[in-house]
Amino acid sequence: MNNQIKFTTAEEAVKVIKSGDHIHLSSVASAPQCLIKAMCERGANKEFHDVHIHHLHTEGPAPYADPQFEGIFQLDSFFVGGNVRKVTQSGYADYIPIFLSETQRLYRSGAVPCNVAMIQVSTPDKHGYVSLGTSVDATLAAVECAEHVIAVVNRHVPRSFGDAMIHVSKIDLFVQDDTPLEEAHFTEPNEIETAIGKHCAALIEDGATLQMGIGAIPNAVLAQLGNHKNLGIHTEMFADGVLPLVEKGVINGEAKNIDKGKMVSTFLMGSQKVYDFIDDNPGVLMMDVGYTNDPYIISKNDRVTAINSALQIDLTGQVCADSLGTKFYSGVGGQIDFVYGASLSKGGKAIIAMPSVTNKGISKIAPVLTPGAGVVTTRNHIHWFVTEHGAVDLYGKTLQERARLIISVADPSAQEELDRAAFERFGSHHHYIKSYMKC
């Protein structure tokens, strides 16, 4: 099958880009770096202008977002990753607020045009299929909608199954580049993260289907699950933390109602171990984000336990997860997709977990959110809230009960001030004080 593919150079392939085009880049570890570099060389030579770039977060450099390309490239990302955070905060790049589940719909509905999809794929199999490997997310939708699809064929891209498989006939231009994929390595959880991990793990029942994001807290949770049984995975992403549990047989997907026995995800980020794990593995389905993050699909499994993080929470249970005040820090991502999906699931639990204080010792639990902070999970959506000091269930609780419960897991140094704020806000007729003393 390889013989039927005509390879061209990255420099030649990106010549299809013209002024005013909208470009989709495949995300996370799959960002096609050789095409990005060639595109930026054309940009530096001022061969086009007003080219819009869209992606979820990407690993590795993002040179197109550099201020020097103002007027040439405009990055409008669906999530603000670490590599474009500064330029987005300073206004050189922008962000489209969108539920992760709907990123694919932006393309499919035509709300965001897609002229060129620049993707990275595995080598073709004997039937002429390549795999999108570590990132299906909104990329499949971009491939379906784009006028031109440029694929980097890379032997390091794992051959993952599910919606990741596409036929070479869907691709217009092929470029060969065998640069190893970007890896992400995570630090060992610290004392606070381990405590949060223990509180979350205590809420996870045998037979639960798990969703958790990336980073120290998810890894701390997974580290506590060694004695659990028949856990499943239906998530937007996973990393190295799940591998020991798969090897132990703890994660086997046996209790799932849909995709039984399969791990379902839409993108991955981790070390080479994770990429090797999904390669040719029929036990992993890499699916379109419109499937993985659809709350109604999520809710079809029982005991869905979704663990997501936050930057700040107020005393009524409003969760800010995308900005620090007015400065955008990340994005909505899949938090609401999974908070809602888990809360609709039979026996499901939606958990927001975060340290009670910042690295500088400032309480992340605040009387009111910082002006400009974005409410991602509303006070109507929140169920469980976890810090290193414990876990509280806010579902069905009044504002005063919520305040009391949230304060109970705040850092002790912040509790007095939070109490005072709660009393000033809710404390008519000493009702708040009375109920506080009861607890």
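**Entry 1**

I began with strand E27 (residues 390-393), where the side chains alternate between two faces. I note here that the model is a predicted one.

I then looked up the partner of E27. Strand E26 (residues 384-387) is joined to E27 by four bridges, and the two run antiparallel. Within this pairing, Thr387 stands opposite Gly390 of E27. I recorded E26 and E27 as a hairpin, with two residues between the strands.

**Entry 1**

Val304 is placed in strand E18 (residues 304-308). Leaving out residues up to four places away in sequence, I found that Val304 touches Thr209, Ile298, Ala342, Ser345, Gly348 and Lys349. I also looked up Leu231: it is 73 residues from Val304 in sequence, while the C-alpha atoms of the two are 9.9 Å apart in space.

For Lys346 I recorded a place in the loop between helix H12 (335-344) and E23. Lys346 has 65% relative accessibility and therefore counts as exposed, the limit being over 50%. With residues up to four places away in sequence set aside, Lys346 touches Asn301, Asp302 and Arg303. Lys346 and Lys300 are 46 residues apart in sequence, with 8.1 Å between their C-alpha atoms.

**Entry 2. Strand E6**

I turned to strand E6 (residues 116-121) and asked how many of its residues are buried. Six of the six are buried, so E6 is largely enclosed by the rest of the structure. Val116, Met118 and Gln120 point one way from the strand, and Ala117, Ile119 and Val121 point the other way; all are buried.

I then listed the pairings of E6. Strand E2 (residues 22-25) is joined to E6 by three bridges, and these strands run parallel. The bridge partner of Ile23 in E6 is Val116. Six bridges join E6 to strand E8 (residues 148-153), again with the strands running parallel. Here Ala117 stands opposite Val149 of E8.

**Entry 3. Nonpolar cores**

I looked up which residues have the most contacts inside the largest nonpolar core. They are Ile119, Leu210, Leu225 and Phe238, in a core of 70 residues. Leu225, its neighbours within four places in sequence left aside, is in contact with Ala201, Ile204, Leu210, Leu231, Leu245 and Val250. A second, separate core has 37 residues, among them Ile17, Met39, Ala65 and Phe73. As background, I noted that nonpolar side chains tend to be buried together in soluble globular proteins.

**Entry 4. The four-stranded sheet**

I recorded another open sheet, of four strands in the order E24-E19-E20-E25, with mixed pairing. Strand E24 (365-366) and strand E25 (375-377) stand at its edges. Each of these has a single partner strand, so one side of each is left without a neighbour in the sheet. Strand E19 (residues 312-314) is joined to E24 by two bridges, and the two run parallel. Ile313 has Ile365 of E24 as its bridge partner.

**Entry 5. Helices H13 and H14**

Last, I examined how helix H13 (residues 399-408) meets helix H14 (residues 412-426). Their axes come within 10 Å and cross at roughly 175°. H13 and H14 are therefore roughly antiparallel to each other, as angles over 145 degrees are classed that way. From H13, the contact is made by Leu399, Gln400, Ala403, Ile407 and Ser408. From H14, Gln415, Leu418, Asp419, Ala422 and Phe426 take part. I sorted the contact by class and found six nonpolar, three polar and one charged residues.

Conventions:
Residues numbered from 1 in each chain as written. Predicted model: local features only at pLDDT ≥ 70, side-chain atom pairs only at ≥ 80, totals over all residues. Heavy atoms only, no water. Axes fitted to C-alpha atoms, helices over the stretch in contact; angles between N-to-C directions. Parallel < 35°, antiparallel > 145°, perpendicular 65-115°, else oblique. Contact = heavy atoms within 4.5 Å. Nonpolar A, V, L, I, M, F, W, Y, C, P; charged D, E, K, R; others polar. Pairing = 2+ DSSP bridges. Core = buried A, V, L, I, M, F, W, Y, C linked by side-chain atoms within 4.5 Å. Buried < 20%, exposed > 50% of the residue type's maximum accessible area, 1.4 Å probe, protein only.
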